[in-house]
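Here is a short report for a reader new to this structure. Please look at the sequence and the model first.

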Amino acid sequence: MKIQCVIFNYNLPNQTDETYNTLIKNNFPPDHITVVDNGSDKAPQALSTNLSLPFNVRFSGQANTTLQFLMTYRPSDYYLLITTSAKLDPILNYMHICNLIIDELSESFGVVMASLVGGETEKISPEQSHSDLIHHAKPYRSVYSAQPIMTLVSHQLLSICYKNRAAYFNTNLKRGHGIDIELQHMALTHGLTTFVSRDLWVHWKTNQAHKLKLADESAYEYRCQAQAEMEKCFAKRYGEQWEHQFRSQFAKLTDTKIKITTINRYKFASLRQLWYEIKLFIFKCKIKIK
């Protein structure tokens, strides 16, 4: 059983090196850690970088390129995917925890996402909260659209996603919004597990690049563009009732109670994307006036 760690970086070298050093202390071999730089242009590359892209290809391009390379030339049974929004806790041994999770979930393993501490956990993803999970006996919980800050995913599921150009291989999700939902959808469709783990957890550091003024667009612009990309992509691929379809599948196969709306929020996806672009134009004009 082999785990390949992947750290995705763009303009945050210190955070990247900190994550790398923690993994080394956890006894992950250096050749089992890939640190991929997405064409950092406002900060130097991390010292731990061992795979560098010549320019920024957005998150989906970074993930797609890296995972295809690794699955072809350095295939592993499992991949631990880590963004710079994750701050690893020094008291944990992530290698040990990942091995235990893999052993417990056996052959049906699809994807397990880390539970979260801090950041916007309680506001955006309260069911993914580590502080809530520790009060429950079960070490796993099914959470619809869990935040993929740290994700342990099987080669089997990634192969399915690659074949279907889904999740990390769906380059229409340029900024990465929606990867988590499509990854869960692919796992459930093929009878694989999709959980949030109580014991695998990280601190969620939100919007670090924006706070340090190292991002290539404002946080507002990012959110608008990312949401528009997801809506247009999924409406075209799965139909305008995609959200109802995904939620219904999740509720049925995980025996989880979640809100399943009958209102089609994503009707006329192309027009909605145009509206996002108009909002962004107005936003940029206001900035110029100031």
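## Overall build

The protein chain has 11 helices and 9 strands. Helices (H or I, at least four residues) and strands (E, at least two) are DSSP runs, numbered from the N terminus. This is a predicted model: local features need pLDDT of at least 70, side-chain atom pairs count only at pLDDT 80 or more, and totals for chains, interfaces and linings use all residues. Residues are numbered from 1 along each chain as its sequence is written, and side-chain values use heavy atoms, with hydrogens and water left out.

A compact globule of 290 residues would have a radius of gyration near 19 Å, and the protein chain agrees because it has 19 Å. That radius is taken over C-alpha atoms, and the globule rule is 2.2 Å times the number of residues to the power 0.38. Along its principal axes, the C-alpha trace spans about 50 × 45 × 40 Å.

## Cover, contacts and charge

Of the 290 residues of the protein chain, 53% count as buried. Buried means under 20% relative accessible area, exposed over 50%, and partly exposed in between (1.4 Å probe, protein chains only). The protein chain exposes about 14200 Å². Carbon and sulfur atoms supply 55% of that area. Accessible areas come from the Shrake-Rupley method with a 1.4 Å probe; for residues, only the protein chains shown count as cover.

Contact means heavy atoms within 4.5 Å. Among contacts in the protein chain between residues at least 6 apart in sequence, 76% join residues at least 24 apart.

The protein chain carries 33 positive and 26 negative side chains. The centres of the two sets lie 8 Å apart. Lys and Arg count as positive and Asp and Glu as negative; His and the chain ends are not counted. The place of a charge is NZ of Lys, CZ of Arg, CG of Asp or CD of Glu.

Two strands pair if DSSP finds at least two bridges between them. E6 pairs with strand E9 (residues 194–204) in the parallel sense over 7 bridges. There, Ala114 has Ser197 of E9 as its bridge partner. E6 also pairs with strand E8 (residues 150–154), in the antiparallel sense over 3 bridges. Val111 has Val153 of E8 as its bridge partner.

E8 is mostly covered, with 5 of its 5 residues buried. Both of its faces are covered. Met150, Leu152 and Ser154 are buried on one side, and Thr151 and Val153 on the other. Strand E4 (residues 78–83) pairs with E8 in the antiparallel sense over 5 bridges. Tyr78 stands opposite Ser154 in E8.

## Two loop residues with positive phi

Most residues other than glycine have a negative phi. Ala167 has a positive phi of about 55°, although it is not a glycine. Ala167 lies in the loop between helix H6 (155–163) and helix H7 (179–189). Ala167 counts as buried, at 0% relative accessibility.

Asn207 also is not a glycine, and has a positive phi of about 55°. Asn207 sits in the loop between E9 and helix H8 (208–211). Asn207 is partly exposed, with a relative accessible area of 33%.

## Arg247

Where does Arg247 lie? Arg247 is in helix H10 (residues 242–254). Arg247 and Ser145 are 102 residues apart in sequence and 9.5 Å apart in space, C-alpha to C-alpha. Leaving aside its neighbours within four places in sequence, Arg247 is in contact with Tyr144, Ile258, Lys259 and Ile260.
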